[in-house]
Structure formats: C-alpha cells, structure tokens
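This report goes through one protein chain, from a single contact up to the overall fold. The sequence and structure come first.

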Amino acid sequence: MRYALCENMPDQIISQEGYDKLKKEVDHLTNIKRKEIAERIEKAKELGDLSENAEYQDAKDEQAFNEGRIMEITNLLKNLTVIEGDNKNNYEITMGSNVTVKVNGLEKKYTIVSFNEADPVEGKISNESPLGVAFLGKKKGNKVKVHTPRGESEYEIIKID
C-alpha cells in the first residue's frame, strides 16, 4: 500500500526500530547507492552514442528511482511520530504488543507494528489494519469482531505479551 505524501499529512506513528530502519535506508541510498549509480552513468557515457546506449538508459532509470525513493522516505520521516510500545503493559494491547488470539478454533499470534513494518506472513500486523485497529486498547478475555475482505470474524484475546 502506498501513502500520498503532502505537507498537510497528519503524523503517523512508528516504532523506534521502524524509524531507524527508514533512516538507515535513506542513508544507504544517499551515500552509497547514489555514488554507485553516478559511476555507472559515467562508465556508460564512455561507451559512446547515448541515444542507443542501453547501459546509460538503465543507469538513468535507476537514478530516477533512487532519487524518488530518497524523496519519499525523507518526506515520510518528517511526518512520523516515534513511539515506544509499552511492552511492560500485559493488560492492554498497545503498539509493540504480542497478542495471542483464538479465531475459528485456532490460536494465532500477532505483533502490533507500524504501517511500514507490517509483514502478515511473519504475524506483524499494522496498527492501521482492520485487525490492528480492532485489537488496540483491548484486554485479555475481550472478544472482538473484525470486518475484513473475507467477511466478519470473532477474535478472542487469549494472551498479551
């Protein structure tokens, strides 16, 4: 999912780990990848006619993508609020909570993370997803009905770590 970035965009929350990951990516793109691409462009220029030079075009395309990603992350970082999940709070689901739920007779485990850290395959769900929104603030024993694209399901909160 992509987010429209603009000056009036409200702050989004992110964990310190997610924020650090974005900072590291933008640092790599700016200080390492940018130089590598510039070197590729220079080498491609030495090959001659730029209008028929596939290496040159490929390097320029990569440069455009890299610069776009740098701008996207830089704008995103300006609109983020770093929060720390209160992992000591085992009574209420917050950012960073590990949650064990029972749904359709099966136990599932999730970790509540920020939008850019979400990885459903790993059980990391966004605080902005239907499940994340439904779980936040809930306590052990609560039953939560969640509307998803597959329909409505009821989740019982079994454990909060």
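## Glu25 and its contacts

Setting aside residues up to four places away in sequence, Glu25 touches Arg69 and Ile73. The model is a predicted one. Between Glu25 and Ile73 the chain runs 48 residues, while their C-alpha atoms are separated by 8.4 Å.

Glu25 is part of helix 1. Its relative accessible area is 29%, so Glu25 falls in the partly exposed class, because that class covers values between the 20% limit for buried and the 50% limit for exposed.

## The helix pair

Helix 1 covers residues 16-45 and helix 2 covers residues 54-78. The two pack with their axes 9 Å apart, at an angle of about 160°. Helix 1 is therefore roughly antiparallel to helix 2, since angles over 145 degrees are classed that way. The crossing of helix 1 and helix 2 is left-handed.

## The aromatic cluster

There are two aromatic pairs in the structure. In one of them, the ring centres of Tyr110 and Phe135 are 6.1 Å apart and the ring planes stand at 45°, which makes the pair tilted. Tyr110 belongs to strand 4 (residues 106-113) and Phe135 to helix 3 (residues 130-135), so this pair ties together parts 25 residues apart in sequence. Tyr110 has a relative accessible area of 12% and is buried; Phe135 is buried as well, at 0%.

Phe135 also forms an aromatic pair with Tyr155. This pair is edge-to-face, with 5.6 Å from centre to centre and 75° between the planes. Tyr155 lies in strand 7 (residues 151-160) and Phe135 in helix 3, so the pair ties together parts that are 20 residues apart in sequence. Both Phe135 and Tyr155 are buried. Through these ring pairs, Tyr110, Phe135 and Tyr155 are linked into a cluster.

Which residues does Thr100 contact, leaving aside its neighbours within four places in sequence? They are Glu107, Lys108, Lys109, Glu156, Ile157, Ile158 and Lys159. Thr100 itself lies in strand 3, which spans residues 98-103. Of these partners, Glu107, Lys108 and Lys109 fall within the residue range of strand 4, and Glu156, Ile157, Ile158 and Lys159 within that of strand 7. With a relative accessible area of 7%, Thr100 is buried.

Asn104 sits in the loop between strand 3 and strand 4. Its phi is near 50°, a positive value in a residue other than glycine. Is Asn104 buried or exposed? At 71% relative accessibility, Asn104 counts as exposed, because the limit for that class is over 50%.

## The chain as a whole

The protein chain has three helices and seven strands. Along the sequence they follow the pattern β-α-α-β-β-β-β-α-β-β.

The protein chain has 161 residues, and 32% of them count as buried. Its accessible surface is about 10700 Å², with 49% of that belonging to carbon and sulfur atoms. Among the contacts in the chain with a separation of 6 or more, 52% are between residues 24 or more positions apart.

How values were computed. Residues numbered from 1 in each chain as written. Predicted model: local features only at pLDDT ≥ 70, side-chain atom pairs only at ≥ 80, totals over all residues. Heavy atoms only, no water. Helix = DSSP H or I, 4+ residues; strand = E, 2+ residues; numbered from the N terminus. Buried < 20%, exposed > 50% of the residue type's maximum accessible area, 1.4 Å probe, protein only. Contact = heavy atoms within 4.5 Å. Areas by Shrake-Rupley, 256 points an atom, 1.4 Å probe, with all protein chains shown as cover. Phe/Tyr/Trp six-rings, centres within 6.5 Å; stacked < 30°, edge-to-face > 60°. Axes fitted to C-alpha atoms, helices over the stretch in contact; angles between N-to-C directions. Parallel < 35°, antiparallel > 145°, perpendicular 65-115°, else oblique. Left-handed = near helix turned anticlockwise from the far one by under 90°.
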